[in-house]
Structures are given as C-alpha cells and as structure tokens.
Amino acid sequence: MSDVISDAVRPIVWSGDHLKLLDQRELPARETWVACRSAADVATAIHGMAVRGAPAIGIAAAYGLALDAMAGRDYDAAEQVLAASRPTAVNLRWALDRMRRLANRSAAALRDEAQAIHREDLAQNLRMGELGAALLPERGARILTHCNTGALATGGHGTALGVIRTAWQQGRIAQVYNTETRPWLQGARLTAWELMREGIPTRLIADGAAAHLMSREKIDWVIVGADRIAANGDTANKIGTYALAIAARHHGAKFMVVAPTSTFDPACPDGTCIPIEERLATELTQYQDRVWAPAGVGTWNPVFDVTPAALIDVIVSERGVSGPGEAVRGMSD
Ligand code: MRU
C-alpha cells in the first residue's frame, strides 16, 4: 500500500478495520505503508522497525490488541506476542498494562482506548514542547539532538524533537545539529527528513563528531528522548546518548531528556535493571544489501545505553520540568 502523507507527519493511522504504519525502514527514499491486521502483524512491524520510537511502539501495540479483539482472537496470546517484540522501551509494557484493564470489555472499547492513548501522546508532546522550549535561550539557541524523537517516533510533534519544533516556532533556534545515529541511521534518515520538511536549519554530523563540535562551537543544549527512565533518573536511550552526555558535561552544554511519564519505570530503581536490546550483526556489517565488514567478523550491537542521572540536567515530562532524581518519584503512588 502506498500513500502521500500530509504536512503533519502521521506515521500511525487507524483505518477502521486495520492499522497503517508509515514504513520507517524505507524513509526518506520512499513513503510506503505497512498494513497490520493482527497483533502478530504489529509485533512484526515493531520488531522489524517499520514503526519505532518508544511512544510510537506503545501506541502501535495498543492498536494491535484492538485488532485481535475485533477478530475474536485470544487476548493473552496477543499481549504476549506484542510484549516480546522489543525489550527496552517501557512504553510498550505501559500501553499493554493500560489496555489490560479493558481486556474483558468489547473490541470497540479496546479500539477507543488505543485511540485515546494515541491522542493523549500528541497532547503530551505539545505540552512538553512548551515546557522544554521555555528553558532555551530566547534567541540564537544552538542545539544538538540524537536519534529520531519526532512525529515519526510518537503520536505526533515529538518529544526532544517536539521541544525543537516548538522552540523553532517561537524563534529561539539558530542552528540544530543532528547525529547520524549509527548503526540504524535514525538521525540521518528520519530526523534530518523531519527537520527539513519544516525548514528548521539542521546540520547532519557523524556520531563521532559530536565532542569535536562541542569543543569548537557553543552548544546550549543537548536534547534527547528516552526509552526508559529508572526511579533514580538513570535514562536508557539510543546507543551513543551516554557519550553525548559525557561530552556535554565536559564542554558545559546542558543536557535535557524529554519523555512522557509513560516512559518512566518506577519499578526499576536504577539503570542497571533496564534491559538493553541487542540487535543483529548485519546492522553493523552492512547497510541494506551493501556489505562492508569482512565476512565472519565478531560483533556486539547493543542499540541502547544508559545515561547516569548525574549527567542529566533536566527531565521534561508532561507533568513538568524536574531534576532527574525527582522526575519519577511519586509515579508508583
Ligand atoms: O531503536 P529506536 O529507533 O526505536 O530508538 C528510539 C530512541 O532511542 C528514541 O530516542 C526514544 O525511543 C524516544 S522517541 C520519542
């Protein structure tokens, strides 16, 4: 199925009897859509990264449960296949738990709940955009961001990229730098695409250029998203985030994490208990069909890392702005 997307990027579209996902493996070269008609289809799309980004994974999983309920399939089996699709983003578990409360209700009730999760995520992003943008200089801000945290990764607008979007609309931004984000290139392929669509000035850099950039130019804020924030504020995000936080502290750039409370995991005391996904060697040894590493080379491909709370200046959620130690406190109440 293919489609043309409107100005606002909407990667997750409910079509009445199925779910359409903008295939992020194909961007920016092609805008194609994956049609999901079951929880298993959605789980395959999540695992295969057709849909990615912590909040988007949660939203898609909620729709997956609704799809199986509409087809009269077993609820527990649907939940299990979705829960196993990716391990690090706690938004997935959060969405499944929220839907579980309605497990005995009608398929229509589950569909409505999935749509509510989707709508609420967009509203939360708009709120975080305002809160985060207010922390930036009024003019001339220079920002570095990592991975893709935009409309593609969420219900719309984005988390870290949502702050950048709102700050741009307010005239605060002079220059964005966005990392390539190896090995999957979320930054080069997706963030650059989203920023350029809106005319937000961005310069793509190699991941390894970030510390050098900070040594040569003043970067006011490094702004990133999160896949899971532990109770003490330790934050799992795309591999390379930790290195950016160390470089930011060394060079006096502030470090902001932007994530809705669905990314908070109060049951996890610190970063050591966050499961870190490891993906296939082929993400390192080749891009699509082009193989560049010698056959048989040993590899290790963790796709997230944990930034210690001590390196984070603020966490912005829809509830407000806090220091990393305070952000998750009270969530389990
Ligand atoms: O592997 P991905 O592309 O799903 O990783 C995404 C990230 O690490 C994002 O920074 C995070 O999910 C926040 S998205 C708003």
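Contact is defined here as heavy atoms within 4.5 Å. By this criterion, residues 24 or more positions apart account for 75% of the contacts in the chain with a separation of 6 or more. The model is a predicted one, in which local features need pLDDT of at least 70 and side-chain atom pairs count only at pLDDT 80 or more, while totals for chains, interfaces and linings use all residues. Residues are numbered from 1 along each chain as its sequence is written, and side-chain values use heavy atoms, with hydrogens and water left out.

The chain contains 11 helices and 16 strands, these being DSSP runs numbered from the N terminus (helices, H or I, at least four residues; strands, E, at least two). The radius of gyration, taken over C-alpha atoms, is 19 Å, close to the 20 Å given by the globule rule for 333 residues, so the chain is as compact as a globular protein of that length. The globule rule is 2.2 Å times the number of residues to the power 0.38. Along its principal axes, the C-alpha trace spans about 60 × 50 × 40 Å. Of the 333 residues, 58% are buried, where buried means under 20% relative accessible area, exposed over 50%, and partly exposed in between (1.4 Å probe, protein chains only).

Helix H2 (residues 54–70) includes Met70. This residue has a relative accessible area of 38% and is therefore partly exposed. Apart from neighbours within four places in sequence, Met70 is in contact with Trp14, Gly16, Asp17 and Ala107.

Strand pairing was assigned where DSSP finds at least two bridges between two strands. An open sheet of four strands has the order E11-E8-E9-E14, with mixed pairing. Strands E11 (264–265) and E14 (304–307) stand at its edges, each with a single partner strand, so one side of each is left without a neighbour in the sheet. Strand E9 (residues 235–238) runs antiparallel to E14 and is joined to E14 by four bridges; Lys238 stands opposite Phe304 in E14.

Strand E15 (residues 314–317) pairs with two further strands. Strand E10 (residues 254–258) runs parallel to E15, with three bridges between them, and Val258 has Val316 as its bridge partner in E15. Strand E16 (residues 320–322) is antiparallel to E15, also over three bridges, and Val316 stands opposite Val321. E15 and E16 form a hairpin with two residues between them. In a regular strand the side chains alternate between the two faces of the sheet. In E15, Val314 and Val316 point one way and Ile315 and Ser317 the other, and all are buried.
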